[in-house]
Every structure is written in C-alpha cells, then in structure tokens.
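Hi,

Here is the structure I said I would pass on.

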Amino acid sequence: MKKFSRMLALILAMMVILTACDSQQAPEEQSSQSQPQTSQTSPQPVERVRLPFFPDDTLNPYTCQTLQNSCLTSLLYDPLVALDQDYEPQYRLAQEVTVSGVSCVIKLRSGLTFSGGSPVTAEDVLSSLELARQTPRFSAGLTGVVAAEAPDDSTVVVTLSQQDLYFPRSLTFPILRSGTETQQQPIGCGRFMMEEGQTRMVVNGGYYREAGNIRTVELVATQTMEEQSYGVMEGTIDLMYSDLQSDLNLGLGIGYRQIPLSNMVYLGVNSQRLGWNAQTRLAFSSMVDREEITRKAYMGFAAATSLPINPAAATTALGVAQLELNVDRQNRELDGLGWDQRDSEGWRTYNGRRISVGLLVNSENNTREAVAQLIKDSCAQLGVEVIVESLPFEQFQERIASGQYDLYLGEVKLPYNLDLSRLIFPDAQLGPGAEEDEELRQAHDQFHSGALSQEEFETVLSEKMPLIPLLFRRGIFCFSRDFSVNIVATEQDIFYNIEEW
C-alpha cells in the first residue's frame with residue numbers, strides 16, 4: 001500500500017479523462033456507500049468472461065494465497081449462505097438456517113451434487129467447517145463454535161458458546177467434498193467447474209440454479225497486479241478486483257466501482273497510560289475530522305464512522321451523526337475535561353503541563369502516515385499537541401504488544417457476524433491499554449442474543465468504546481470499457497450476480 005495515494009490520484013485523473021472522452025463508457029463514481037455497486041452501462045448479453053489468474057497458486061479456497069485466485073474460488077465452491085450488499089445472508093447450499101438459543105440448525109437443499117456427481121452431505125459441511133475454523137480468512141466469525149454434528153445427511157447442528165443471532169452471516173465458508181480438501185483443486189459444487197488443464201471454467205450443469213448468459217470463464221495467467229490492470233486496459237482481461245492493499249496501475253479504458261469492505265481503520269488508545277476515561281476518549285474522538293481523512297488520505301475510497309459497525313451493513317445513525325465537527329462544541333468539551341488553560345504557545349494544559357499525545361504509525365504505509373498527519377493538524381487547531389512517531393512495521397508491532405504507546409493507528413478486519421469481542425475486550429493483538437468494561441460486555445452479549453436493539457447497542461458503544469473507530473475501507477472492481485454487464489459485486493463474492501450478467 002506504499003503508493004496508495006498516488007494510485008488513487010491516478011484513478012481520479014483517469015476518470016475525468018474518460019468522462020470527457022466518452023460519458024457512456026465511464027460513468028461517474030458516487031461516494032455514497034448506499035449506492036448499489038453495479039456497472040451503470042447498458043447490460044449486453046455476453047457468453048464468456050476473461051479473469052486474471054495466478055498459475056503458481058492453487059485454486060483451493062483454504063490454501064490459496066493470492067487475492068485473484070481467492071476470488072475465483074467463489075465460482076467453483078458454493079457456501080451455505082452468501083452475503084448481499086447489505087451483508088444480509090442469502091441462502092445458497094442451505095435451504096434453511098435457524099438459530100435458537102446456542103444452537104444453529106442448518107438444513108441443506110435437496111438434490112445437491114458436487115461437480116463429479118456425488119451428493120453433497122452434512123458430513124461434507126462438517127469437514128469444511130473444521131477447515132474454515134483453522135483458516136484465518138474464515139475463522140474470525142467461527143470462534144463461538146464449540147461443537148458440530150450431523151444427525152442426518154441433510155442436517156448440521158452447530159453448538160455455540162453463547163447465543164448469536166448473527167451467526168448465520170458466518171456461514172460463508174466454501175463447501176468441499178470431504179477427502180479432497182488437500183488437493184490443489186478440490187471437488188466443489190459451485191456455479192462453474194474447471195476443465196482439464198486449468199485454463200478455463202465451464203458452467204456446472206449440476207448446479208441447483210439455472211445458469212445465466214456466461215457459459216465459460218477464461219483464465220488469463222498474470223503474475224502482478226500491474227499486469228492485470230494493463231490486461232484490462234488492453235482488453236485481454238474483462239474484470240479484476242483489488243482490495244487496494246497493493247500497488248495498482250489503472251490505465252486508460254478502465255471503469256470501476258467501489259466495494260465496501262469490513263476493514264476498519266481505528267485509533268488504539270492506551271487509556272491506562274494516558275489516564276483517560278470514556279469521556280476523554282470521546283472528546284479526543286470528536287476532534288478527528290474523519291471526512292477529511294476519507295477524502296484526502298483515501299481519496300474517497302472509504303466510509304467514515306465513529307462506531308465499529310460497517311455503514312454498509314446497517315444504518316448507523318449514531319455513527320454518522322457524531323461525525324459532524326463543531327469547533328465551539330469541541331472547545332466546550334475540552335474545557336469540560338479541565339483542559340481549559342493554555343501555555344505561551346497556545347497549547348492546552350492540564351495541571352500546569354502541556355497536553356501532548358504520542359501517535360504511533362507504521363512508516364511502511366504512506367496512507368497511514370497521511371492519516372496521522374491529518375489527525376495531528378486537526379487536533380492542533382483545538383490546542384492539543386499530537387506527536388507522530390513513524391516506525392517500521394516490526395518495531396511498530398513490538399511497541400504495541402509491549403504497551404509502549406499513547407495512541408496507534410491500526411486496521412482490523414471485522415467478522416461478518418458483528419462479533420466485536422476482539423475490540424471490546426483486552427487483547428494483546430490490539431494493545432494492552434484498554435480496561436474491560438462490564439457494561440459494554442453485557443451490552444455486546446445482549447445485542448447478539450436479541451435482548452438489545454442495534455440502536456441501543458450503538459448508544460453503549462458510543463459511550464464506552466475503548467478505541468476510536470475512524471473509517472471502513474473500500475475495495476475496487478475494475479472492468480474494461482468493452483465489457484458491459486449489470487455487475488453486482490460484494491466483498492464476500494465479487495461475482496455475486498454472475499447468473500444475471
């Protein structure tokens with residue numbers, strides 16, 4: 001992500017050029033996260049799509065290492081549920097999912113078969129569930145699983161450590177035929193299947209839903225993101241996806257749409273070291289201009305929030321309302337903390353000492369360094385000094401683990417089932433500075449049990465959150481100007497509606 005800001009500036013410049021040349025082929029991007037992530041060109045029937053593929057990597061969804069191959073696996077292997085654009089579960093292999101108490105009962109569709117013709121059974125689901133629990137890509141949302149069994153071939157019963165009404169959102173792991181999970185290309189039951197030679201996918205005739213216009217998926221061998229973007233530009237690749245974690249050279253002739261991600265950027269707070277309580281954290285949080293950060297550091301490829309709940313997943317009224325900056329109100333809040341005196345240089349003081357806060361940032365990430373500078377500048381306008389310290393990533397991690405920081409700028413990928421326990425409760429991975437809050441723990445458990453509404457939970461979060469959420473990042477789905485279909489892409493499945501292309 002070293003060249004993220006430069007790359008995004010190039011994107012915006014390109015879109016201006018494309019719009020001037022041909023407004024039909026380069027639709028204007030909207031920043032609102034509520035906009036459907038679709039191609040706005042007129043849909044045209046197409047029978048094949050050419051996608052980038054890393055030949056040195058596998059097409060095993062549990063072992064592949066590259067982003068593009070991971071995306072391709074969603075065509076070969078179906079999950080029990082797929083998440084729509086609002087992160088709500090829609091049934092795929094599951095016919096019904098019922099949560100009652102700490103039990104989640106999954107009923108499979110009848111007549112499901114793998115690409116080789118063998119039936120999909122509950123035992124296949126159990127073996128895939130165990131794989132998912134051991135794979136970082138899927139495990140975060142499955143930490144509450146304590147047991148699973150198959151009372152019959154079409155039923156799986158999962159026992160959870162505590163009630164979680166949102167657990168069905170975690171059933172997005174791919175289902176493989178048991179016994180093939182160690183193969184580079186296991187047997188799946190997805191919308192497509194591989195032809196021999198691993199250069200082309202064809203429609204899976206045994207799939208439970210009727211196929212759309214796309215009958216074949218051609219795999220174009222690439223080694224780098226740069227090769228992929230040039231492939232889209234030159235028309236040898238139709239579509240590509242980037243989570244904007246690596247360099248991406250988008251050439252002329254590329255259209256794009258943003259895809260909300262569950263990656264939250266936040267400020268870790270060492271409340272014990274700073275002597276801050278919840279009121280102080282809230283006051284500091286209110287000084288951060290999140291909209292400026294999303295606009296300048298992320299060039300609009302992010303959604304600002306003050307809560308650890310993705311704006312794309314729910315209407316977070318509290319998270320949006322608290323983003324509005326008001327200098328007079330902020331000054332009153334800071335004065336109310338006892339920070340009402342200033343030294344000769346205009347900095348706020350407390351008990352005769354200048355209020356100076358350190359902010360630790362990864363020096364290997366230019367975007368984060370830009371964010372840190374914006375935070376420093378916005379706080380300075382209100383008389384609070386922030387000293388930014390940039391360290392290489394390894395040293396950055398060591399300082400956090402040892403608690404040698406005031407604030408740090410971090411990022412975490414949150415699970416789809418809204419399990420925030422990793423953020424709410426002390427965790428060495430996120431820094432040892434937070435004190436556990438019993439009221440927040442109870443609210444978290446009550447929210448997942450249904451005893452507390454989301455609005456009520458958000459209220460507690462806004463008052464008790466031990467860290468300071470800033471924004472949720474977005475990815476980008478790029479397509480050639482000659483490829484015109486009605487694309488709906490989600491974080492969990494960028495080919496979400498391929499049957500409708």
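Below is what I found, going from the whole chain down to a single residue.

One thing to keep in mind: this is a predicted model. The protein has 501 residues, and 54% of them are buried. I count 15 helices and 20 strands in it. If you take contacts between residues at least 6 apart in sequence, 71% of them join residues at least 24 apart.

Now for the helices. Helix α2, residues 67–76, is mostly covered, with nine of its ten residues buried. Those buried residues are Q68, N69, S70, C71, L72, T73, S74, L75 and L76.

The helix pair I looked at is α8 (residues 290–297) with α11 (residues 366–380); they pack at an angle of about 145 degrees, and their axes are 10 Å apart. The crossing of α8 past α11 is right-handed. Which residues in α8 and α11 meet? On the α8 side they are E292, I293, K296 and A297, and on the α11 side T367, A370, V371, L374 and I375. Sorted by class, that contact of α8 with α11 has six nonpolar residues, one polar and two charged. On spacing within a helix: an α-helix has 3.6 residues a turn, so residues three or four places apart point the same way.

Three elements, α6 (271–274), β16 (353–354) and β17 (356–362), each supply at least two residues of the lining. By class, the lining of this second largest pocket divides into seven nonpolar, four polar and four charged residues.

Last, a closer look at E195. You will find E195 in the loop between β8 (192–194) and β9 (200–203). Is E195 buried, exposed or partly exposed? Its relative accessibility is 32%, so E195 counts as partly exposed; the buried class stops under 20% and the exposed class starts over 50%. Leaving out residues up to four places away in sequence, E195 touches R200 and V202. As for T216, E195 is 21 residues from T216 in sequence, and the two are 10.0 Å apart in space, C-alpha to C-alpha.

That is everything I have for now. Over to you!

Cheers

Conventions: Residues are numbered from 1 along each chain as its sequence is written. This is a predicted model: local features need pLDDT of at least 70, side-chain atom pairs count only at pLDDT 80 or more; totals for chains, interfaces and linings use all residues. Side-chain values use heavy atoms; hydrogens and water are left out. Axes are lines fitted to C-alpha atoms, for helices over the stretch in contact, and angles run from 0 to 180 degrees between N-to-C directions. Helices (H or I, at least four residues) and strands (E, at least two) are DSSP runs, numbered from the N terminus. A crossing is left-handed if the near helix is turned anticlockwise from the far one by less than a right angle, and right-handed if clockwise. Contact means heavy atoms within 4.5 Å. Ala, Val, Leu, Ile, Met, Phe, Trp, Tyr, Cys and Pro count as nonpolar, Asp, Glu, Lys and Arg as charged, and the others, Gly among them, as polar. Buried means under 20% relative accessible area, exposed over 50%, partly exposed in between (1.4 Å probe, protein chains only).
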